[in-house]
Amino acid sequence: MLEQIVEKTNQYIEEMPKKERKKYGQFFTSIETARYMAGLFVIPEQTTVTLLDAGAGSGILTCAMIERLDKIEDIKEIIVTCYENDENVLPLLQENLLYMQKCSSKKIDIKIITENYITSQYLDFNHMLGGNWNPEKYDIVIGNPPYMKISKDAPEATAMPSVCYGAPNMYFIFASMGLFNLKDAGEMVYIIPRSWTSGAYFKRFREYFLSEGKIIHIHLFGSRNKVFDKENVLQETIIVKVKKTKVQPDNVTITSTHTNKDFDQCTTLVVPYNLVVSGKELYVYLVTNEEEVSVLKKLHQWDKTLPDIGLKMKTGLTVDFRNRDILRDDVEEGAIPLFYSQHIKDGVVQFPIKKEHEYVVTEQKGLMQDNHNYLFVKRFTAKEEPRRLQCGVYLSKKFPQYSKISTQNKINFIDGLLTNMSECLVYGLYVLFNSTIYDEYYRILNGSTQVNSTEINAMPVPDINIIQEMGRKIMKSKDMSEKNCNMILEGYCG
(Lines give C-alpha, C1' and ligand atoms only; values in the text may rest on other atoms or scores of the structure.)
Protein backbone atom coordinates (compact mmCIF):
# COMPACT_ATOMS: atom_id res chain seq x y z
CA MET A 1 0.00 0.00 0.00
CA LEU A 2 2.64 2.57 1.08
CA GLU A 3 4.95 1.85 -1.88
CA GLN A 4 2.11 2.76 -4.25
CA ILE A 5 1.42 6.04 -2.43
CA VAL A 6 5.10 7.01 -2.31
CA GLU A 7 5.40 6.28 -6.05
CA LYS A 8 2.47 8.61 -6.78
CA THR A 9 4.00 11.24 -4.47
CA ASN A 10 7.31 11.07 -6.34
CA GLN A 11 5.46 11.70 -9.60
CA TYR A 12 3.79 14.72 -7.98
CA ILE A 13 7.18 16.05 -6.78
CA GLU A 14 8.59 15.78 -10.30
CA GLU A 15 5.62 17.59 -11.81
CA MET A 16 5.11 20.29 -9.17
CA PRO A 17 7.82 23.01 -9.12
CA LYS A 18 9.66 23.26 -5.81
CA LYS A 19 8.83 26.97 -5.76
CA GLU A 20 5.13 26.06 -5.48
CA ARG A 21 5.73 23.51 -2.73
CA LYS A 22 7.92 25.96 -0.79
CA LYS A 23 4.92 28.26 -0.38
CA TYR A 24 3.53 25.61 1.98
CA GLY A 25 6.88 24.55 3.48
CA GLN A 26 6.18 21.15 1.96
CA PHE A 27 8.78 18.35 2.20
CA PHE A 28 7.56 14.78 1.86
CA THR A 29 8.43 11.97 4.27
CA SER A 30 10.44 9.03 2.93
CA ILE A 31 8.92 5.55 3.04
CA GLU A 32 11.51 4.32 5.57
CA THR A 33 10.98 7.31 7.88
CA ALA A 34 7.19 7.00 7.68
CA ARG A 35 7.29 3.34 8.68
CA TYR A 36 9.76 4.06 11.48
CA MET A 37 7.56 6.86 12.85
CA ALA A 38 4.45 4.66 12.72
CA GLY A 39 6.37 1.94 14.55
CA LEU A 40 7.13 4.19 17.53
CA PHE A 41 3.54 4.30 18.82
CA VAL A 42 2.21 2.17 21.64
CA ILE A 43 -1.19 1.35 20.12
CA PRO A 44 -4.14 1.66 22.54
CA GLU A 45 -6.00 -1.58 23.26
CA GLN A 46 -9.39 -0.69 21.81
CA THR A 47 -11.50 -1.60 18.80
CA THR A 48 -11.69 1.92 17.33
CA VAL A 49 -8.61 4.15 16.95
CA THR A 50 -8.71 7.83 15.98
CA LEU A 51 -5.82 9.26 13.96
CA LEU A 52 -4.88 12.86 13.12
CA ASP A 53 -2.40 13.86 10.39
CA ALA A 54 -2.16 17.66 10.07
CA GLY A 55 -0.47 19.03 6.97
CA ALA A 56 -1.09 15.57 5.53
CA GLY A 57 0.38 16.25 2.08
CA SER A 58 -0.14 13.15 -0.03
CA GLY A 59 -1.03 10.96 2.98
CA ILE A 60 2.28 9.09 3.39
CA LEU A 61 2.25 9.15 7.21
CA THR A 62 -1.45 8.27 7.38
CA CYS A 63 -0.80 5.31 5.12
CA ALA A 64 2.18 4.12 7.20
CA MET A 65 -0.03 4.29 10.28
CA ILE A 66 -2.90 2.39 8.62
CA GLU A 67 -0.43 -0.27 7.45
CA ARG A 68 0.61 -0.80 11.05
CA LEU A 69 -2.91 -0.73 12.52
CA ASP A 70 -4.04 -3.17 9.81
CA LYS A 71 -1.92 -5.89 11.45
CA ILE A 72 -3.59 -5.57 14.87
CA GLU A 73 -6.46 -8.01 15.02
CA ASP A 74 -8.44 -6.32 17.84
CA ILE A 75 -8.75 -3.04 15.93
CA LYS A 76 -11.90 -2.99 13.81
CA GLU A 77 -12.22 0.67 12.83
CA ILE A 78 -9.79 3.52 12.12
CA ILE A 79 -11.15 7.06 12.04
CA VAL A 80 -8.76 9.23 10.03
CA THR A 81 -8.70 13.04 10.03
CA CYS A 82 -6.34 14.83 7.64
CA TYR A 83 -5.82 18.58 7.48
CA GLU A 84 -4.55 19.88 4.14
CA ASN A 85 -5.21 23.26 2.49
CA ASP A 86 -2.78 23.08 -0.44
CA GLU A 87 -5.09 22.83 -3.45
CA ASN A 88 -2.28 21.39 -5.58
CA VAL A 89 -1.83 18.26 -3.45
CA LEU A 90 -5.46 17.81 -2.31
CA PRO A 91 -6.58 15.68 -5.30
CA LEU A 92 -3.64 13.31 -4.71
CA LEU A 93 -4.44 13.09 -0.98
CA GLN A 94 -8.08 12.28 -1.73
CA GLU A 95 -7.09 9.63 -4.28
CA ASN A 96 -4.58 8.05 -1.88
CA LEU A 97 -6.99 7.96 1.06
CA LEU A 98 -9.62 6.20 -1.07
CA TYR A 99 -6.96 3.72 -2.18
CA MET A 100 -6.07 3.01 1.48
CA GLN A 101 -9.73 2.58 2.32
CA LYS A 102 -10.07 0.00 -0.47
CA CYS A 103 -6.86 -1.90 0.46
CA SER A 104 -7.25 -2.00 4.25
CA SER A 105 -8.87 -4.92 6.03
CA LYS A 106 -10.34 -2.49 8.59
CA LYS A 107 -13.26 -0.11 8.38
CA ILE A 108 -11.66 3.24 7.50
CA ASP A 109 -13.61 6.47 8.06
CA ILE A 110 -12.01 9.43 6.29
CA LYS A 111 -12.36 13.13 6.95
CA ILE A 112 -10.33 15.76 5.05
CA ILE A 113 -10.44 19.26 6.52
CA THR A 114 -9.29 21.96 4.09
CA GLU A 115 -9.41 24.83 6.60
CA ASN A 116 -6.23 26.34 8.00
CA TYR A 117 -5.14 23.87 10.71
CA ILE A 118 -4.10 26.60 13.15
CA THR A 119 -6.50 29.50 12.64
CA SER A 120 -9.55 27.24 12.46
CA GLN A 121 -8.86 26.08 16.04
CA TYR A 122 -7.47 29.20 17.70
CA LEU A 123 -10.63 29.86 19.74
CA ASP A 124 -10.47 26.29 21.10
CA PHE A 125 -6.71 26.43 21.81
CA ASN A 126 -6.94 29.74 23.67
CA HIS A 127 -10.16 28.75 25.51
CA MET A 128 -11.91 31.81 24.12
CA LEU A 129 -15.58 32.71 23.90
CA GLY A 130 -17.06 31.08 20.83
CA GLY A 131 -14.63 28.18 20.97
CA ASN A 132 -15.58 24.55 21.40
CA TRP A 133 -15.29 23.69 25.11
CA ASN A 134 -15.13 20.01 24.22
CA PRO A 135 -13.04 19.86 21.00
CA GLU A 136 -12.35 16.59 19.27
CA LYS A 137 -9.26 14.75 20.56
CA TYR A 138 -7.34 11.88 18.96
CA ASP A 139 -5.62 8.69 20.13
CA ILE A 140 -2.73 9.14 17.70
CA VAL A 141 -1.24 12.30 16.19
CA ILE A 142 1.43 11.91 13.52
CA GLY A 143 2.97 14.68 11.46
CA ASN A 144 5.58 16.13 9.16
CA PRO A 145 4.60 19.78 9.59
CA PRO A 146 5.47 22.62 7.19
CA TYR A 147 8.96 24.09 7.68
CA MET A 148 8.69 27.80 6.98
CA LYS A 149 9.23 31.04 8.83
CA ILE A 150 6.27 33.37 9.11
CA SER A 151 6.05 36.97 10.28
CA LYS A 152 5.20 37.72 13.91
CA ASP A 153 1.89 39.20 12.81
CA ALA A 154 0.92 36.29 10.51
CA PRO A 155 -2.53 34.85 11.37
CA GLU A 156 -1.00 31.58 12.65
CA ALA A 157 1.40 33.44 14.97
CA THR A 158 -1.25 35.74 16.42
CA ALA A 159 -3.58 32.75 16.86
CA MET A 160 -1.12 31.14 19.33
CA PRO A 161 0.56 33.95 21.30
CA SER A 162 1.31 31.68 24.25
CA VAL A 163 3.84 29.67 22.22
CA CYS A 164 5.13 32.29 19.75
CA TYR A 165 7.94 34.78 20.19
CA GLY A 166 9.18 36.99 17.38
CA ALA A 167 8.84 35.63 13.83
CA PRO A 168 8.06 31.95 14.45
CA ASN A 169 8.39 28.83 12.31
CA MET A 170 5.25 26.94 11.32
CA TYR A 171 6.65 23.61 12.45
CA PHE A 172 6.48 24.33 16.18
CA ILE A 173 3.07 25.99 15.89
CA PHE A 174 1.83 22.76 14.30
CA ALA A 175 3.52 20.68 17.02
CA SER A 176 1.80 22.75 19.73
CA MET A 177 -1.61 22.33 18.12
CA GLY A 178 -0.90 18.62 17.60
CA LEU A 179 -0.35 18.18 21.33
CA PHE A 180 -3.53 20.15 22.04
CA ASN A 181 -5.45 17.80 19.70
CA LEU A 182 -4.22 14.70 21.54
CA LYS A 183 -6.25 12.77 24.10
CA ASP A 184 -4.83 12.49 27.61
CA ALA A 185 -2.23 9.68 27.62
CA GLY A 186 -2.28 9.71 23.81
CA GLU A 187 0.95 9.81 21.79
CA MET A 188 2.20 12.03 18.98
CA VAL A 189 5.19 11.49 16.70
CA TYR A 190 6.52 14.42 14.67
CA ILE A 191 9.53 14.87 12.42
CA ILE A 192 10.83 18.41 12.98
CA PRO A 193 14.06 20.45 13.05
CA ARG A 194 16.14 20.32 16.26
CA SER A 195 16.31 24.12 16.59
CA TRP A 196 13.53 24.23 19.24
CA THR A 197 15.62 22.31 21.77
CA SER A 198 17.53 25.40 22.97
CA GLY A 199 17.60 29.20 22.79
CA ALA A 200 15.31 32.00 23.96
CA TYR A 201 13.43 32.11 20.65
CA PHE A 202 11.67 28.79 21.38
CA LYS A 203 11.26 29.19 25.14
CA ARG A 204 7.48 29.70 25.12
CA PHE A 205 7.04 26.67 22.88
CA ARG A 206 9.22 24.48 25.15
CA GLU A 207 7.30 25.63 28.22
CA TYR A 208 3.99 24.61 26.63
CA PHE A 209 5.23 21.46 24.89
CA LEU A 210 7.13 20.05 27.87
CA SER A 211 4.49 20.89 30.47
CA GLU A 212 1.51 19.53 28.52
CA GLY A 213 3.48 16.52 27.31
CA LYS A 214 6.59 14.52 28.10
CA ILE A 215 9.25 13.32 25.67
CA ILE A 216 9.38 9.53 25.45
CA HIS A 217 11.68 8.99 22.46
CA ILE A 218 13.97 11.09 20.25
CA HIS A 219 15.56 9.88 17.03
CA LEU A 220 18.60 11.72 15.66
CA PHE A 221 20.06 11.68 12.15
CA GLY A 222 23.82 12.02 11.66
CA SER A 223 23.38 13.48 8.15
CA ARG A 224 21.81 16.88 7.56
CA ASN A 225 20.85 16.23 3.93
CA LYS A 226 19.84 12.55 3.80
CA VAL A 227 16.52 12.65 5.66
CA PHE A 228 14.04 13.70 2.96
CA ASP A 229 14.11 11.78 -0.33
CA LYS A 230 13.88 13.78 -3.57
CA GLU A 231 14.44 16.96 -1.56
CA ASN A 232 17.48 19.18 -1.10
CA VAL A 233 16.95 20.01 2.58
CA LEU A 234 20.00 21.04 4.62
CA GLN A 235 18.45 20.87 8.06
CA GLU A 236 19.24 19.09 11.31
CA THR A 237 16.09 17.06 11.74
CA ILE A 238 14.85 14.85 14.57
CA ILE A 239 11.89 12.58 15.20
CA VAL A 240 10.26 13.17 18.57
CA LYS A 241 7.64 11.06 20.33
CA VAL A 242 5.66 12.86 23.04
CA LYS A 243 3.02 11.50 25.40
CA LYS A 244 0.27 13.81 26.65
CA THR A 245 0.80 13.53 30.38
CA LYS A 246 1.92 15.61 33.36
CA VAL A 247 3.77 12.61 34.82
CA GLN A 248 7.50 12.76 34.13
CA PRO A 249 8.94 9.43 32.96
CA ASP A 250 12.18 8.13 34.47
CA ASN A 251 13.99 7.94 31.15
CA VAL A 252 14.05 9.06 27.52
CA THR A 253 15.09 6.69 24.74
CA ILE A 254 17.44 8.33 22.25
CA THR A 255 18.18 6.47 19.01
CA SER A 256 20.30 7.56 16.08
CA THR A 257 21.12 6.58 12.52
CA HIS A 258 23.19 8.28 9.85
CA THR A 259 20.39 8.57 7.29
CA ASN A 260 16.77 7.54 6.68
CA LYS A 261 17.96 4.35 4.98
CA ASP A 262 19.57 2.60 7.97
CA PHE A 263 16.91 2.37 10.66
CA ASP A 264 17.89 -1.30 11.03
CA GLN A 265 21.26 -0.10 12.36
CA CYS A 266 19.97 2.21 15.13
CA THR A 267 22.13 2.92 18.14
CA THR A 268 20.05 3.15 21.31
CA LEU A 269 20.69 5.07 24.51
CA VAL A 270 18.40 5.24 27.56
CA VAL A 271 19.00 8.48 29.46
CA PRO A 272 17.46 9.87 32.68
CA TYR A 273 14.69 12.33 31.78
CA ASN A 274 16.07 15.09 33.98
CA LEU A 275 19.38 14.96 32.11
CA VAL A 276 17.71 15.29 28.71
CA VAL A 277 15.23 18.02 29.78
CA SER A 278 17.07 20.29 32.17
CA GLY A 279 17.39 23.74 33.73
CA LYS A 280 15.11 26.76 34.07
CA GLU A 281 15.11 27.22 30.30
CA LEU A 282 13.94 23.60 29.70
CA TYR A 283 16.67 22.93 27.17
CA VAL A 284 16.62 19.48 25.54
CA TYR A 285 20.07 17.86 25.44
CA LEU A 286 20.48 15.52 22.48
CA VAL A 287 23.11 13.08 23.71
CA THR A 288 24.25 10.23 21.47
CA ASN A 289 26.61 8.17 23.66
CA GLU A 290 27.60 7.46 27.27
CA GLU A 291 30.51 9.92 27.09
CA GLU A 292 28.08 12.76 26.39
CA VAL A 293 25.83 11.58 29.22
CA SER A 294 28.90 11.74 31.49
CA VAL A 295 29.57 15.34 30.35
CA LEU A 296 26.01 16.36 31.33
CA LYS A 297 26.25 14.62 34.70
CA LYS A 298 29.53 16.36 35.52
CA LEU A 299 28.33 19.86 34.70
CA HIS A 300 24.80 19.47 36.04
CA GLN A 301 26.23 18.99 39.53
CA TRP A 302 26.47 22.81 39.53
CA ASP A 303 23.20 24.69 39.82
CA LYS A 304 24.46 28.23 39.16
CA THR A 305 24.62 30.13 35.86
CA LEU A 306 26.68 33.17 34.86
CA PRO A 307 23.85 35.63 35.72
CA ASP A 308 23.41 33.87 39.10
CA ILE A 309 27.00 34.79 40.02
CA GLY A 310 26.81 38.36 38.71
CA LEU A 311 28.22 37.80 35.21
CA LYS A 312 26.69 37.77 31.74
CA MET A 313 27.69 36.96 28.19
CA LYS A 314 26.71 39.67 25.72
CA THR A 315 27.07 40.04 21.97
CA GLY A 316 29.56 42.49 20.42
CA LEU A 317 28.19 45.99 19.95
CA THR A 318 29.28 47.15 16.50
CA VAL A 319 27.92 45.78 13.24
CA ASP A 320 30.80 47.05 11.11
CA PHE A 321 29.13 47.00 7.67
CA ARG A 322 26.26 49.15 9.02
CA ASN A 323 28.69 51.68 10.50
CA ARG A 324 31.23 52.11 7.70
CA ASP A 325 31.52 55.85 8.33
CA ILE A 326 33.03 55.35 11.80
CA LEU A 327 35.59 52.68 10.82
CA ARG A 328 39.30 53.54 10.66
CA ASP A 329 42.30 51.52 9.54
CA ASP A 330 44.80 53.46 11.63
CA VAL A 331 44.85 55.07 15.04
CA GLU A 332 43.92 58.76 15.10
CA GLU A 333 42.76 61.25 17.68
CA GLY A 334 39.53 60.11 19.34
CA ALA A 335 39.77 56.58 17.90
CA ILE A 336 39.15 53.53 20.10
CA PRO A 337 39.98 49.86 19.37
CA LEU A 338 37.41 47.67 17.63
CA PHE A 339 37.99 44.03 18.56
CA TYR A 340 37.19 41.22 16.12
CA SER A 341 37.34 37.44 16.47
CA GLN A 342 40.69 37.56 14.63
CA HIS A 343 42.18 39.31 17.66
CA ILE A 344 41.66 36.14 19.75
CA LYS A 345 44.91 34.17 19.44
CA ASP A 346 46.35 31.45 21.66
CA GLY A 347 44.03 32.23 24.55
CA VAL A 348 44.66 35.97 24.72
CA VAL A 349 43.54 39.09 22.87
CA GLN A 350 46.25 40.53 20.63
CA PHE A 351 45.94 44.07 19.31
CA PRO A 352 46.70 45.60 16.86
CA ILE A 353 47.29 42.92 14.22
CA LYS A 354 47.41 45.19 11.14
CA LYS A 355 43.86 44.29 10.16
CA GLU A 356 41.64 46.80 8.36
CA HIS A 357 39.06 48.70 10.39
CA GLU A 358 40.69 48.01 13.76
CA TYR A 359 39.55 51.38 15.11
CA VAL A 360 36.34 53.37 15.33
CA VAL A 361 35.64 57.05 15.93
CA THR A 362 32.19 57.45 17.42
CA GLU A 363 30.11 59.34 19.96
CA GLN A 364 27.37 56.67 19.98
CA LYS A 365 27.18 55.28 23.52
CA GLY A 366 25.58 52.06 22.25
CA LEU A 367 28.75 51.24 20.29
CA MET A 368 31.15 51.78 23.21
CA GLN A 369 31.87 49.84 26.38
CA ASP A 370 34.11 50.51 29.35
CA ASN A 371 37.71 49.36 29.08
CA HIS A 372 37.21 46.58 31.64
CA ASN A 373 38.49 43.02 31.88
CA TYR A 374 36.54 40.63 29.66
CA LEU A 375 36.58 37.11 28.31
CA PHE A 376 36.07 37.35 24.55
CA VAL A 377 34.46 34.34 22.81
CA LYS A 378 34.15 33.87 19.04
CA ARG A 379 30.52 33.85 17.90
CA PHE A 380 31.11 31.87 14.69
CA THR A 381 33.35 28.91 13.93
CA ALA A 382 33.60 26.64 10.89
CA LYS A 383 31.86 23.24 11.05
CA GLU A 384 35.17 21.42 10.59
CA GLU A 385 36.99 23.27 13.39
CA PRO A 386 37.87 21.06 16.39
CA ARG A 387 36.40 23.50 18.95
CA ARG A 388 33.13 25.40 19.02
CA LEU A 389 34.10 27.54 22.03
CA GLN A 390 37.17 29.64 21.21
CA CYS A 391 38.04 32.34 23.70
CA GLY A 392 40.68 34.86 24.72
CA VAL A 393 41.48 36.82 27.88
CA TYR A 394 41.20 40.59 27.52
CA LEU A 395 42.87 42.67 30.27
CA SER A 396 42.18 46.39 30.41
CA LYS A 397 45.61 47.14 31.91
CA LYS A 398 47.24 46.21 28.60
CA PHE A 399 45.48 49.14 26.94
CA PRO A 400 45.71 51.93 29.56
CA GLN A 401 45.45 54.67 26.93
CA TYR A 402 41.74 53.89 26.32
CA SER A 403 38.79 54.49 28.65
CA LYS A 404 36.39 52.99 26.08
CA ILE A 405 36.63 50.16 23.55
CA SER A 406 34.25 48.51 21.08
CA THR A 407 33.55 44.92 20.05
CA GLN A 408 32.48 43.73 16.63
CA ASN A 409 29.18 41.88 16.38
CA LYS A 410 30.84 38.54 15.54
CA ILE A 411 32.30 38.10 19.01
CA ASN A 412 30.67 37.66 22.40
CA PHE A 413 32.09 38.88 25.67
CA ILE A 414 31.56 37.99 29.33
CA ASP A 415 31.23 41.02 31.59
CA GLY A 416 30.50 41.71 35.25
CA LEU A 417 26.93 42.91 35.72
CA LEU A 418 27.87 45.37 38.48
CA THR A 419 31.64 45.56 38.73
CA ASN A 420 34.78 45.06 36.65
CA MET A 421 35.88 41.42 36.80
CA SER A 422 39.16 40.64 38.55
CA GLU A 423 41.99 39.15 36.50
CA CYS A 424 41.77 35.81 38.30
CA LEU A 425 38.03 35.66 37.53
CA VAL A 426 38.64 36.26 33.80
CA TYR A 427 41.33 33.59 33.76
CA GLY A 428 39.02 31.22 35.66
CA LEU A 429 36.32 31.73 33.05
CA TYR A 430 38.95 30.96 30.43
CA VAL A 431 39.64 27.63 32.17
CA LEU A 432 35.93 26.76 31.88
CA PHE A 433 35.36 27.85 28.30
CA ASN A 434 38.67 26.56 26.95
CA SER A 435 38.15 23.11 28.51
CA THR A 436 37.14 20.07 26.47
CA ILE A 437 34.12 19.33 28.66
CA TYR A 438 32.52 22.78 28.21
CA ASP A 439 33.08 22.59 24.46
CA GLU A 440 31.46 19.14 24.36
CA TYR A 441 28.58 20.38 26.52
CA TYR A 442 27.90 23.27 24.15
CA ARG A 443 27.97 20.96 21.11
CA ILE A 444 25.36 18.71 22.79
CA LEU A 445 23.23 21.76 23.52
CA ASN A 446 23.48 23.46 20.14
CA GLY A 447 24.02 21.76 16.81
CA SER A 448 24.90 24.96 14.94
CA THR A 449 28.26 26.68 14.50
CA GLN A 450 27.05 29.86 16.21
CA VAL A 451 27.82 30.48 19.87
CA ASN A 452 24.60 31.91 21.29
CA SER A 453 24.94 34.15 24.35
CA THR A 454 21.48 33.13 25.65
CA GLU A 455 22.57 29.49 25.75
CA ILE A 456 25.93 30.28 27.35
CA ASN A 457 24.13 32.27 30.06
CA ALA A 458 22.03 29.18 30.83
CA MET A 459 25.00 26.78 31.12
CA PRO A 460 25.89 25.53 34.62
CA VAL A 461 28.99 27.04 36.23
CA PRO A 462 30.70 26.66 39.63
CA ASP A 463 30.51 29.25 42.41
CA ILE A 464 32.50 32.42 41.71
CA ASN A 465 35.14 31.63 44.35
CA ILE A 466 35.88 28.28 42.63
CA ILE A 467 36.23 30.03 39.25
CA GLN A 468 38.68 32.49 40.82
CA GLU A 469 40.70 29.62 42.30
CA MET A 470 40.91 28.07 38.83
CA GLY A 471 42.07 31.42 37.48
CA ARG A 472 44.84 31.71 40.04
CA LYS A 473 46.05 28.21 39.12
CA ILE A 474 46.27 28.91 35.38
CA MET A 475 47.89 32.29 35.98
CA LYS A 476 50.54 30.63 38.14
CA SER A 477 51.17 27.88 35.59
CA LYS A 478 51.35 30.31 32.63
CA ASP A 479 50.02 27.43 30.49
CA MET A 480 46.91 28.42 28.50
CA SER A 481 46.52 25.06 26.72
CA GLU A 482 43.27 23.09 26.58
CA LYS A 483 45.08 20.20 28.29
CA ASN A 484 46.01 22.38 31.27
CA CYS A 485 42.46 23.78 31.49
CA ASN A 486 41.18 20.20 31.57
CA MET A 487 43.56 19.27 34.39
CA ILE A 488 42.54 22.28 36.48
CA LEU A 489 38.81 21.72 35.91
CA GLU A 490 39.06 17.98 36.66
CA GLY A 491 40.04 18.84 40.22
CA TYR A 492 36.64 20.48 40.75
CA CYS A 493 34.13 18.44 38.74
CA GLY A 494 35.56 14.92 39.17
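In which loop is the place of Pro-352? Pro-352 sits in the loop between strand 16 (348–349) and strand 17, where helices (H or I, at least four residues) and strands (E, at least two) are DSSP runs numbered from the N terminus. The peptide bond leading from Phe-351 to Pro-352 is cis, with omega near -10°.

The model is predicted: local features need pLDDT of at least 70, side-chain atom pairs count only at pLDDT 80 or more, and totals for chains, interfaces and linings use all residues. Residues are numbered from 1 along each chain as its sequence is written, and side-chain values use heavy atoms, with hydrogens and water left out.

Strand 17 (residues 359–360) runs antiparallel to strand 14 (residues 336–339), to which two bridges join it; two strands pair if DSSP finds at least two bridges between them. Within this arrangement, Pro-337 stands opposite Tyr-359 of strand 17. Strand 14 also pairs with strand 21 (residues 404–407), in the parallel sense and over two bridges. There, Ser-406 in strand 21 is the bridge partner of Leu-338.

An open sheet is formed by nine strands in the order 3-2-1-4-5-7-6-8-9, with mixed pairing. Strand 3 (107–113) and strand 9 (267–272) are at the edges and have a single partner strand each, so one side of each is left without a neighbour in the sheet. On average, neighbouring strands of this sheet are turned by 15° against each other, direction ignored. Axes here are lines fitted to C-alpha atoms, for helices over the stretch in contact, and angles run from 0 to 180 degrees between N-to-C directions. Within the sheet, strand 1 (residues 48–54) and strand 4 (residues 138–143) pair in the parallel sense over three bridges, and Leu-52 has Val-141 of strand 4 as its bridge partner. Strand 5 contains Ala-185, whose phi is near 75°, a positive value in a residue other than glycine.

Helix 9 (residues 203–212) lies across strand 5 (182–193), strand 6 (214–221) and strand 7 (237–243), and runs at about 120° to strand 6. Strand 6 holds Ile-215, which counts as buried at 0% relative accessibility (buried means under 20% relative accessible area, exposed over 50%, partly exposed in between, with a 1.4 Å probe and protein chains only). Beyond its neighbours within four places in sequence, Ile-215 is in contact (heavy atoms within 4.5 Å) with residues including Trp-196, Leu-210, Val-240 and Val-284.

His-219 also lies in strand 6 and is buried, with a relative accessible area of 0%. Its side chain makes polar contacts with the side chains of Thr-255 (2.7 Å) and Thr-257 (2.9 Å). A polar contact is a pair of N or O atoms within 3.5 Å; within protein, one must be able to donate a hydrogen and the other to accept it, and residues adjacent in sequence count only if both atoms are side-chain atoms. Not counting residues up to four places away in sequence, His-219 touches others as well, among them Tyr-36, Phe-263 and Cys-266.

The axes of helix 4 (residues 60–70) and helix 5 (residues 90–103) come within 11 Å and cross at roughly 5°. The two helices are therefore roughly parallel to each other, a term for angles under 35 degrees, while those over 145 count as roughly antiparallel, 65 to 115 as roughly perpendicular and the rest as oblique. Helix 4 contributes Thr-62, Cys-63, Ile-66 and Asp-70 to the contact, and helix 5 contributes Leu-97, Met-100 and Cys-103.
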